[in-house]
Amino acid sequence: MNDTGSLDHLIEALRRLPGVGVKSAARMAFHLLQHDREGARVLAQALDAAVDRMGHCKLCHTFTEDEVCATCRDPRRDPGLLCVVETPADQAAVERTAAFRGRYFVLMGRISPLDGVGPNEIGVHQLLTRATDGLVHEVVMATNFTAEGEVTAHLLGTALRERGLKVTRLARGVPAGSELEYVDLSTIAHALVDRR
């Protein structure tokens, strides 16, 4: 009879988190059980509440407890400017800059044929509906600069341009405060091509 079934189950559950292997999961599980049982209960309750209460905004698909998120409801936001991001974490990163005052559309992924993720799995139809609502005049493609992010930006950008929308892409290049000798060659090349 296995007398550590609950511990094994906890470790396996923690392994579902990105970047967490078996050793890290075990370390977290042992810490919670040995040093912070109250923290473990708080964590369990927070996860349970989030899973039960969080859904997707009907306009932008980010996480929210309401039908429409606070960003989409904010009348100070420019409804004509729509920023397309891959994940709610990407949206949060853009928001932290305080430089964007438009609205968002969160794809909840990116096109990745090798992983079986196509346009339908990331809500392209919903994006096209949102972008052609008569209010949007510019769509900012803010997908990541990975191979999948670039493919996603290209395909979506083409579809949006065909519908008469102005499509822009986040700039990329040498980070402010860096020295060229320490910047990778691909970044320097993109900075030269995208110079202004």
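**A quick tour of the chain**

Residues 24 or more positions apart account for 49% of the contacts (heavy atoms within 4.5 Å) in the protein chain with a separation of 6 or more. This is a predicted model, where local features need pLDDT of at least 70, side-chain atom pairs count only at pLDDT 80 or more, and totals for chains, interfaces and linings use all residues. Residue numbers start from 1 along each chain as its sequence is written, and side-chain values use heavy atoms, with hydrogens and water left out.

**Overall build**
- The protein chain has 8 helices and 6 strands, taken as DSSP runs (helices H or I, at least four residues; strands E, at least two) numbered from the N terminus.
- Along the sequence, the pattern goes α-α-α-β-β-α-β-α-β-α-β-α-β-α.
- The radius of gyration is 21 Å, while a compact globule of 196 residues would come in near 16 Å; this is taken over C-alpha atoms, and the globule rule is 2.2 Å times the number of residues to the power 0.38.
- Along the principal axes, the C-alpha atoms fill a box of roughly 65 × 50 × 35 Å.

**Burial**
- Of the 196 residues, 34% count as buried, meaning under 20% relative accessible area (1.4 Å probe, protein chains only).

**A look at Asp90**
- Asp90 sits in helix H5, which covers residues 88-97.
- Asp90 is buried but has no salt bridge, that is, a side-chain nitrogen of Lys or Arg within 4 Å of a carboxyl oxygen of Asp or Glu.
- The nearest side chain of opposite charge to Asp90 is Arg110, 6.6 Å away.
- Apart from its neighbours within four places in sequence, Asp90 is in contact with Val85 and Asn144.

Conventions. Buried < 20%, exposed > 50% of the residue type's maximum accessible area, 1.4 Å probe, protein only. Lys, Arg positive; Asp, Glu negative; His and termini not counted.
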